[in-house]
Amino acid sequence: MSSARVDYIAPWWTYWLHQFPHVNLRFQPLDHTFKPQEENYQQSLIFLGCVAAAGLGVNLLCLAIYLSCLCCCRKDEEEEESKKSNSCCVTWAAVAAGLICCVAVGVGFYGNSETNDGVYQLTYSLYNANHTLAGVDSLVTGTMGGMQSSLNDHLSRLGEIFATRGDFVQTLHFMQQMSDNIIKQLLGLPDWEKAKVDLAAIADQTAYVEYYRWLTYLLILILDLIICLAACLGLAKQSRWLLTTMMVFGVLTLILSWASLGADVATAVGTSDFCVAPDKFLMNQTKDIISSDIVHYYLYCSQTLPNPFQQSLTVFQRSLTTMQIQIQGLLQFAVPLFPTAERDLLSIQHLLNSSEASLHQLTALLDCRGLNKDYLDALIGVCYDGVEGLLYLCLFSLLAACAFSVMLCAIPRAWRQIANRDRDYDDIDDGDPFNPQSRRMTSHHSQQANMHSFCSYSSSMGSQTSLQPPAQTVTNAPLSEYMNQSALFGGNPRYENVPLIGRGSPPPSYSPTMRATYLSMTEDQIRHFGEDFRA
């Protein structure tokens, strides 16, 4: 027993997980023994999943309280310092969520790969053990079939041939006894068909489940990464519809993260319960099928332990050797007297030689080192790589829940800042001279008015005498107001500050031809087109 503990020592994390409280749904404490067939033990694992569900409820409640406070408790966000502070908080929250999400995805990929490696090693060991046990069954069945059918047929024909020789007939009876003894020893071996419990089918089912588990986690990892990147893109582009969509997906991913955490914790705890005492569980499972000394022999495989098949194999070997000696004697002494017996004697000799080869193969397959190696490989795959991978997947679920919680806190603030910015932008007066949009619109209309005035004047150059002055009176209120403002802020108004149109001077951007045309205009024409030039 001590030598086995040198080969396999349960890792420390399995002992740590083994100490998790085991409580059924009626809140009754249970022992930590691995009993997957019992309902109370199954409820204890379900209870761990319920704890994760409670964590999800607390997380969603905190988010709901935070969003309620954000909507109800409005602060004065028009102050510049408050805006800068909120913008800085949203930026750092987005950076933190992105970094945590990237770390979570990296941890998740590693944990998913480790778990897959552990399960693959388990299924590989199960296939090897199934191959070994199937080989034992094949050798035992083949040897017994040869002894019961072929050997008996040859001995019956030889008995008819040697009917006149009593000594030869007695030798044949002795060989029959040896054959029955071999069959008896083979029947004493355990029924491997029942003992292996169809390990190949278990391996196939395990590999099938593991493939879809690995694929599901791979899709979850990719989905988390896409949602995180899309949320960061929405924050950078300040797209409200993208942020709203990512918020919905963030809530769904948050729920999925907590659900995967509960499943991983329950699986890790159950597997650790097995890994802490795997020998005890297997001996309890096989006590009604195989004797305890055989199970003990394969589980521990110590040199100090006796081989439970040694006596049967020894009797098998001695019986074969005795039968081969008898056949050699009959070939030597009976064939010269009964030539027709040579064919049956050679067939029996060939059967004994093949049985001896089967004996050597059977001895090698029944040795504990092969099956014990498969057993240890399976334990190492499950308890080291498998449970370690599950722990990393639990860490991934926690980090993903934290990342998406931070993201769900940052998105509403960013969405609100975008809405406030749009509202403030819409509240700006179009007539405000400090509004950049108003300046652009005024400049655009001024250019159109100037072009319109110039074109109108040019088109009427040929018929200036037909121009009729407008009936309305032109006022110089803008000019007077401008002069008064200049006198108020700068003392006496200077003539250079008077608008160029009001001074009878063309704009500096006019060409020489336009300037000459302007100077040749009459006072009535100036009054008629003055408003266009002032525009």
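The largest pocket holds about 1800 Å³ of space. Keep in mind as you look around that this is a predicted model.

Which residues sit closest to the centre of that pocket? Of the 50 residues that line the largest pocket, the closest to its centre are Leu122, Leu126, Ile202, Phe274 and Leu282. Several helices share in the lining: α3 (39–72), α4 (80–161), α6 (192–195), α7 (199–237), α8 (240–276), α9, α10 and α13 (368–426) each give two or more residues to the largest pocket. The largest share, 9 residues, comes from α13. By class, the lining of the largest pocket divides into 33 nonpolar, 12 polar and 5 charged residues.

The model has 2 cavities of 30 Å³ or more. In the second largest cavity there is about 60 Å³ of space. Its lining is made of Ala94, Ala97, Gly98, Cys228, Ala231, Cys232, Leu235, Met407 and Ala410. The elements that give two or more residues to this lining are α4, α7 and α13, and α7 gives the most, with 4 residues. The lining of the second largest cavity counts 8 nonpolar residues, 1 polar and no charged.

| Helix pair | Residues | Axes come within | Crossing angle |
|---|---|---|---|
| α9 and α10 | 278–286 and 292–300 | 10 Å | roughly 150 degrees |
| α11 and α12 | 310–333 and 342–366 | 10 Å | roughly 160 degrees |

Take α9 and α10, whose axes cross at roughly 150 degrees. Because of that angle, α9 is roughly antiparallel to α10, angles over 145 degrees being counted that way. The crossing of these two helices is right-handed. On the α9 side, Asp279, Leu282, Met283 and Thr286 make the contact, meeting Ser292, Val295, His296, Leu299 and Tyr300 in α10. By class, this contact has 5 nonpolar, 3 polar and 1 charged residues. Leu282 links two parts of this tour: it belongs to the contact of α9 with α10 and is one of the residues closest to the centre of the largest pocket.

For α11 and α12, the axes cross at roughly 160 degrees, and α11 is therefore roughly antiparallel to α12. Is this crossing left-handed or right-handed? Here α11 passes α12 in a left-handed crossing. The residues of the contact between α11 and α12 divide into 14 nonpolar, 8 polar and 1 charged.

Conventions:
Residues are numbered from 1 along each chain as its sequence is written. This is a predicted model: local features need pLDDT of at least 70, side-chain atom pairs count only at pLDDT 80 or more; totals for chains, interfaces and linings use all residues. Side-chain values use heavy atoms; hydrogens and water are left out. Axes are lines fitted to C-alpha atoms, for helices over the stretch in contact, and angles run from 0 to 180 degrees between N-to-C directions. Angles under 35 degrees count as roughly parallel, over 145 as roughly antiparallel, 65 to 115 as roughly perpendicular and the rest as oblique. A crossing is left-handed if the near helix is turned anticlockwise from the far one by less than a right angle, and right-handed if clockwise. Contact means heavy atoms within 4.5 Å. Ala, Val, Leu, Ile, Met, Phe, Trp, Tyr, Cys and Pro count as nonpolar, Asp, Glu, Lys and Arg as charged, and the others, Gly among them, as polar. On a 1 Å grid over the protein atoms alone, a cavity is a set of points where a 1.4 Å probe fits but cannot get out, and a pocket is an open set with protein on both sides within 12 Å along at least five of seven lines; lining residues have an atom within 4 Å of a point. Grid points are joined across faces, edges and corners, and a volume is the space filled by probe spheres set on the points.
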